[in-house]
Amino acid sequence: MSSVAGMLDAELLIESAAEVPATLDAFLAQVERRAFRMAELQLRHREDAMDAVQDAMLRLVKHYRDKPAVEWPPLFWGILRRRVVDLQRRRKVRSIVVGWLGGGRDSDGDELPTWEPADRSPGPLDRLQDRQSYADMAAAVRQLPQRQREAFMLRMLEGLDVAETADAMGCSKGSVKTHLSRAMHHLRDQLEDWR
């Protein structure tokens with residue numbers, strides 16, 4: 001139960017964040033699982049999350065391999081955030097188009113699969129020791145508006161500073177602080193039972 005309280009403690013999270021590795025391969029290996037968890041929380045679909053993380057990694061390697069190592073975290077998280085938003089937009093457009101093109105039924109009258117995946121299982125998150133507290137935490141994070149969720153995950157879970165988070169999100173430092181403050185207030189209210 002105390003794992004949720006520990007996740008909300010900013011100082012412990014930031015202190016536990018490792019230094020940026022000297023090689024791009026080491027950086028990508030270090031960030032891979034956390035990036036997948038973040039993408040899966042946002043997209044709620046395992047395969048889409050894997051695609052988003054893989055695409056973000058490829059774009060970082062292709063376009064930013066020559067950048068200094070300290071610039072990789074905000075660049076990577078910004079690329080991943082934009083990729084997740086792109087996938088969410090495509091999913092919405094696809095569901096609208098399917099609705100326009102016959103209501104989602106095949107020639108036999110059977111309902112076609114929806115673009116919003118029915119499987120909402122946590123996947124690799126099952127390995128966490130306290131599954132219930134993590135499930136409550138994930139549900140509370142999912143309820144946050146998208147910008148608050150992004151600010152919380154980048155700032156608190158990834159340990160990026162305010163400037164790096166602002167760069168990754170494409171907004172001002174003040175906006176990051178506002179989004180984070182609102183997210184923390186909401187999460188404290190939602191997870192009061194876990195204190």
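Colleague: Which residues of helix H8 (residues 162-169) are buried?

Modeller: In this predicted model, the buried residues of H8 are Val-162, Thr-165, Ala-166, Ala-168 and Met-169. They lie on the same side of H8, because the arc they cover around the axis is only 165°. As a general point, an α-helix has 3.6 residues a turn, so residues three or four places apart point the same way.

Colleague: What makes a contact at the start of H8?

Modeller: A side-chain oxygen of Asp-161 reaches to within 3.1 Å of the backbone nitrogen of Ala-163. The cut-off for a polar contact is 3.5 Å between N or O atoms. After H8 comes Gly-170, with a positive phi near 70°.

Colleague: Why is Arg-44 called partly exposed?

Modeller: The relative accessible area of Arg-44 is 32%. Buried means under 20% and exposed over 50%, so a value in between is called partly exposed. Arg-44 is located in the loop between H3 and H4.

Colleague: What is the phi of Arg-44?

Modeller: Arg-44 is not a glycine, yet its phi is positive, about 60°. Most residues other than glycine have a negative phi.

Colleague: How do the axes of helix H3 (residues 24-43) and helix H4 (residues 46-64) cross?

Modeller: The two axes come within 8 Å and cross at roughly 145°, and the crossing is right-handed. Among the residues that meet are Leu-24, Phe-27 and Leu-28 in H3, and Ala-49, Met-50 and Val-53 in H4. The residues of this contact comprise 15 nonpolar, no polar and 4 charged.

Conventions. Residues are numbered from 1 along each chain as its sequence is written. This is a predicted model: local features need pLDDT of at least 70, side-chain atom pairs count only at pLDDT 80 or more; totals for chains, interfaces and linings use all residues. Side-chain values use heavy atoms; hydrogens and water are left out. Axes are lines fitted to C-alpha atoms, for helices over the stretch in contact, and angles run from 0 to 180 degrees between N-to-C directions. Helices (H or I, at least four residues) and strands (E, at least two) are DSSP runs, numbered from the N terminus. A crossing is left-handed if the near helix is turned anticlockwise from the far one by less than a right angle, and right-handed if clockwise. Contact means heavy atoms within 4.5 Å. Ala, Val, Leu, Ile, Met, Phe, Trp, Tyr, Cys and Pro count as nonpolar, Asp, Glu, Lys and Arg as charged, and the others, Gly among them, as polar. Buried means under 20% relative accessible area, exposed over 50%, partly exposed in between (1.4 Å probe, protein chains only). The arc is that of the directions from the helix axis to the C-beta atoms. A polar contact is a pair of N or O atoms within 3.5 Å; within protein, one must be able to donate a hydrogen and the other to accept it, and residues adjacent in sequence count only if both atoms are side-chain atoms.
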